[in-house]
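Reader: I have a structure to look at and some questions about it. Please keep the answers plain.

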Amino acid sequence: MTLFALALGTFAIGTGEFGSNGIIQLFSADLDVSIPAATNAITAYAFGVIIGSPAITLLAARVYRRDLLLGLMVLFLVGNGLSALAPNIAALVVFRFVAGSVQGAFFGAGAVVAAYVYGPGRGGKAFATVMGGLTVATIVGSPLGTFVGQAAGWRVMYWTVVAVGLLATVALAAWLPRTDDLRGNPIANELSALRRRGVWLMVTVAALGISSIFAVYTFIGPFVTDAARRDASLIPVALAIFGLGMAVGNHLGGRVADRYENSGLVYGYGGVLALLVLIGVAGDNLAILLPCLFGVGATMMFAIPTIQVRLTGFAPDAPTLMGALNLAALNLANSLGAIGGAITLDAGWGSLSTVWAGFVLTTAGLLLYIAAVARARPAALDLALRRA
């Protein structure tokens, strides 16, 4: 039940995050801004994770993980409730930043609790379990949120997220363990991890590589309606297919991350590059687009547990912060993917052009990993970097 409560929390968080992508056309029209301008709300959420989550993790270093997780859910409810009330795009940007500041810290602390439940040597599976709620959100929560937004208005979607968040808060209060094994760490432990260059290499690899998932996911609406020329009612179906791929990739990636040091990331990144080319060339054909959406979700999520295991290997004394940094990197990727896609759209290169921005960024991440990380164990890499 502890694992269920954690997954329900990440399901609520994921529904709020990915649900925003599904209603971007709705709130851009209602708030009278262009789609590229509306992506600022998506980017603001990402920066909330990038800046707010590590900051919260450091400030709350000594707080028991149970108390931290419950406090984060309260902040999550506030951020999404205010998002539902936003009178203009500027206010929505601020409120999405607040909501985003919860995510990385929640996933980091949640991964520590899940690892406690699973036991030693299963960090990849523990992180995949916490991420599992997010992947289910892409299958059920985000498409349902998009449907609710289309039927009742985008503000109702955020109120729905608040309702799910309340359920998650109750579940966490009931089932999170009360034990000294989950007490906080001295802030010196967390700060020392930030001085390890290997940590920042992996953060860079994650931010660059995972960006392609958002160069696709953020623009699924235009892919379906503009490129494939299908009705907007098909968007929730496309989102669900993408989410199903994420769930499959996350499940397999968690198992691979605990057994193999590099395979999850190398095969994940390499696979998505091939799929991006296929979407860019033939994504206007729905029979090609939908399977490729499944594949992009699966291959990218296949890599993420490996990123977490490698990060924790660089800083085993700061697992909560490493989880927060992983999510911060993923949301920097969110920002990079959204910005890159907006640039290609503004340039007039067509609805499918966003995948090429993702292709360039993921290629850079894969090359950096192969050149600087893949052949070295964390301790050896840190030593080599210090000498350099």
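Author: A patch is made of residues with over 30% relative accessible area and no salt bridge, like charges being joined within 9 Å and nonpolar side chains (Val, Leu, Ile, Met, Phe, Trp, Tyr) within 5 Å. Accessible areas come from the Shrake-Rupley method with a 1.4 Å probe, and for residues only the protein chains shown count as cover. A salt bridge is a side-chain nitrogen of Lys or Arg within 4 Å of a carboxyl oxygen of Asp or Glu. This is a predicted model, in which local features need pLDDT of at least 70 and side-chain atom pairs count only at pLDDT 80 or more, while totals for chains, interfaces and linings use all residues. Residues are numbered from 1 along each chain as its sequence is written, and side-chain values use heavy atoms, with hydrogens and water left out.

Reader: Which helix gives the most to the nonpolar patch?

Author: The patch covers about 440 Å² and is made by Val74, Val78, Leu82, Leu85 and Trp159. Helices are DSSP runs (H or I, at least four residues; strands are E, at least two), numbered from the N terminus. With four residues, the main contributor is helix α4 (residues 65-85).

Reader: Is valine 74 buried or exposed, or in between?

Author: Buried means under 20% relative accessible area, exposed over 50%, and partly exposed in between (1.4 Å probe, protein chains only). Valine 74 sits in helix α4. Its relative accessible area is 46%, so valine 74 is partly exposed.

Reader: Which residues touch the most other members of the largest nonpolar core?

Author: A nonpolar core is a set of buried Ala, Val, Leu, Ile, Met, Phe, Trp, Tyr and Cys residues joined through side-chain atoms within 4.5 Å. The largest one has 117 residues. Those touching the most other members are Phe27, Leu92, Ile210, Phe242 and Tyr269.

Reader: Why is helix α12 said to be largely enclosed?

Author: Helix α12 spans residues 220-227. Its buried residues are in contact (heavy atoms within 4.5 Å) with α2, α11, α13, α14, α15 and α17. The helix is largely enclosed by the rest of the structure because the buried residues number seven of the eight.

Reader: How far apart in sequence are the parts tied together by arginine 155 and aspartate 30?

Author: Side chains of opposite charge can pair when their charged atoms come close. The structure holds one salt bridge, and arginine 155 forms it with aspartate 30, the closest N and O atoms being 3.9 Å apart. Arginine 155 lies in helix α8 and aspartate 30 in helix α2, so the parts they tie together are apart in sequence by 125 residues.

Reader: What type of aromatic pair do tryptophan 154 and tyrosine 158 form?

Author: Rings of Phe, Tyr and Trp (its six-membered ring) pair if their centres lie within 6.5 Å; planes under 30 degrees apart count as stacked, over 60 as edge-to-face and the rest as tilted. Tryptophan 154 and tyrosine 158 are both buried and are four residues apart in helix α8, about one helical turn. Their centres are 6.1 Å apart with 90 degrees between the planes, and the pair is edge-to-face.

Reader: How far apart in space are proline 316 and leucine 336?

Author: Proline 316 is in the loop between α15 and α16 and counts as exposed at 60% relative accessibility. In sequence, proline 316 and leucine 336 are 20 residues apart. In space, C-alpha to C-alpha, the distance is 28 Å.
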